[in-house]
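Open the model in your viewer and follow along. Each stop tells you what to select and what is there.

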Amino acid sequence: MSSKLLGLHSGGGETEQDFELNLASIIDCFTVLITYLLISASFLTIGMFDVNVPSVGPASNSTAPTPKITLSVKLKQNGQLTINVSGAAKQSLSLSSKDKNWDFDQLAAQVEEMKKKWPAMDTAMISADGLVEYAPLVKAIDQLRKHLPFVFIGER
Amino acid sequence: MGVQKFLKKHPLNEDMALQITSMADIFTIILVFLLKSFSTSVTSISPSNDVVLPSALNSDEVVDSMKLEISPSVILIDDKPITTMREFRFEASDVERDGTARSLNSTLIRERKKRPEKDAEGKPVNPSQILVLADQKTPYATLKAVLNSASSSGFTEFKLVVVKDE
């Protein structure tokens, strides 16, 4: 009885129903969705650095306390890196270039050593010669931030 | 000869049916992949075509704020061109005594005053925060001048936007 109602029996059934999935509409939807997602997709992963700039103007405007020990790094046009420690401790050294480029691995090693020597050191000032490009500056900041949370761009 | 024999045994059917089932399978896989990688982050930061961001290994999380973009020919604030440059150098008529650009200074001061303390949803927003998207070839002198302009205008928190180097 039920099979008759449903028309499921084979041969001679008046109410056989063949249902075919209409893939054309689904393909249309998929095409539109895929096109939209491809156009709006971003294949770059963006990140951000927190940096500071020394106060411009009268010193009285600055509300931040002066750090006890400050590390100053300067990128020179010829590939040299000069590192100066100022404040409660003093040290200066110059890192020579590596294949005419700045040696950021050595910078990282030196900063790590200095951080172990002076754990209170938490601030770095980074500057460069006028024509030094932004990319190596970012690499230097990247290395400094591993050990020092506060990085200032500029010179006091 | 062999081809002709083959064609006699298997004549070509004029009506070629498109294999939609296979296409649906492929589209499903591509769609699932794209949906998985679709970013729903708060900020959609996309630099201009002529700005190549530098790469860095370590970075902080992305936040939403006012964008300051430095390209070789123009400085943009929230995608609006403010200061024209030639190869990262300000126009002679636009340069102040301290090396900053007059047009940039005035715009930054105006933008800083306009910045609300809360966003449209009522959440507190840091009005003195600014995102800096600079091309990787930007000379330090230009970058310093731009940062000094922003600092003088009341922006105290700078976030340098980089590409994560994985």
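Start with A:Gly47. Its bridge partner in β7(B) is B:Val162. Keep in mind that this is a predicted model.

Now widen the selection to both strands. Select β1(A) together with strand β7 of chain B, residues 157-164. The two pair in the antiparallel sense, over six bridges.

Next, pick A:Asp50 and B:Lys159. They form a salt bridge, with the closest N and O atoms 3.0 Å apart. How many salt bridges does the rule find across the interface of chain A and chain B? It finds one.

Turn to polar contacts between chain A and chain B. The count is 11 residue pairs, both residues being at pLDDT 80 or more.

Which elements of chain A give two or more residues to the side that touches chain B? Select α2 (23-40), β1 (46-51), β5 (123-128) and α4 (134-144) of chain A.

You get 26 nonpolar, eight polar and six charged residues.

Step back to the whole contact. Chain A supplies 40 residues and chain B supplies 48 residues. Between them, the chains bury about 4,000 Å², 69% of it on carbon and sulfur atoms.

For the last stop, select A:Ile46, A:Met48 and A:Tyr134. Within chain A, these three lose the most area to chain B. Together they account for 22% of what that side buries.

Terms used:
Residues numbered from 1 in each chain as written. Chains lettered and ligands numbered in written order. Predicted model: local features only at pLDDT ≥ 70, side-chain atom pairs only at ≥ 80, totals over all residues. Heavy atoms only, no water. Contact = heavy atoms within 4.5 Å. Buried area = accessible area lost by both parts, 1.4 Å probe. Salt bridge = Lys/Arg side-chain N within 4 Å of Asp/Glu carboxyl O. Polar contact = N/O pair within 3.5 Å; in protein donor to acceptor, adjacent residues only side chain to side chain. Helix = DSSP H or I, 4+ residues; strand = E, 2+ residues; numbered from the N terminus. Nonpolar A, V, L, I, M, F, W, Y, C, P; charged D, E, K, R; others polar. Pairing = 2+ DSSP bridges.
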